[in-house]
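Here is a short briefing on aromatic pairs and helix packing. Please read it beside the model.

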Amino acid sequence: MLNSADIVVSRAGLSSFTELGYFKKPSIIIPILNSHQEDNAEYFENKKACIYLKQDELNKEKFVKEIKDLINNEEKKKELGNNLHNSFVHYSGEKIIKEIKKII
């Protein structure tokens, strides 16, 4: 289902970012207040890889506006998805296998 979404609204756990990056999903991120998720969201926002909205500053009008703006901006969706995808190390599975083979 995640792969078929045009945009995603999510919290900011690292596993969420990993999955969103794998599928190159443009995302609006709302981290849990006073948690490490705020650091995660800020990190990826600085990489221009997500839209970061602070829960305590959010209201219905702003939330709907951000969703509509992103849905209607193909260039921004592509940029966010690609930047998030490129924020992660690729082929890490192959690197792990190589290291395991060295050990055994």
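Both phenylalanine 17 and phenylalanine 44 are buried (under 20% relative accessible area; exposed is over 50%, partly exposed in between; 1.4 Å probe, protein chains only). The model is predicted: local features need pLDDT of at least 70, side-chain atom pairs count only at pLDDT 80 or more, and totals for chains, interfaces and linings use all residues. Residues are numbered from 1 along each chain as its sequence is written, and side-chain values use heavy atoms, without hydrogens and water.

**Aromatic pairs**
- The whole structure holds four aromatic pairs (Phe, Tyr or six-membered Trp rings with centres within 6.5 Å; planes under 30 degrees apart are stacked, over 60 edge-to-face, the rest tilted).
- Phenylalanine 17 and phenylalanine 44 are stacked, at 4.1 Å centre to centre and 25° between the planes.
- Phe17, Tyr43, Phe44 and Phe88 form one aromatic cluster.

**Helix 1**
- Its buried residues are Phe17, Leu20 and Gly21.
- They fall within an arc of 100° seen down the axis, so they line one face of helix 1 (the arc is that of directions from the helix axis to the C-beta atoms).
- Exposed Ser15 and Tyr22 are on the face turned away from the buried side of helix 1.
- Lysine 24 follows helix 1, with a positive phi near 55°.

Notes:
Helices (H or I, at least four residues) and strands (E, at least two) are DSSP runs, numbered from the N terminus.
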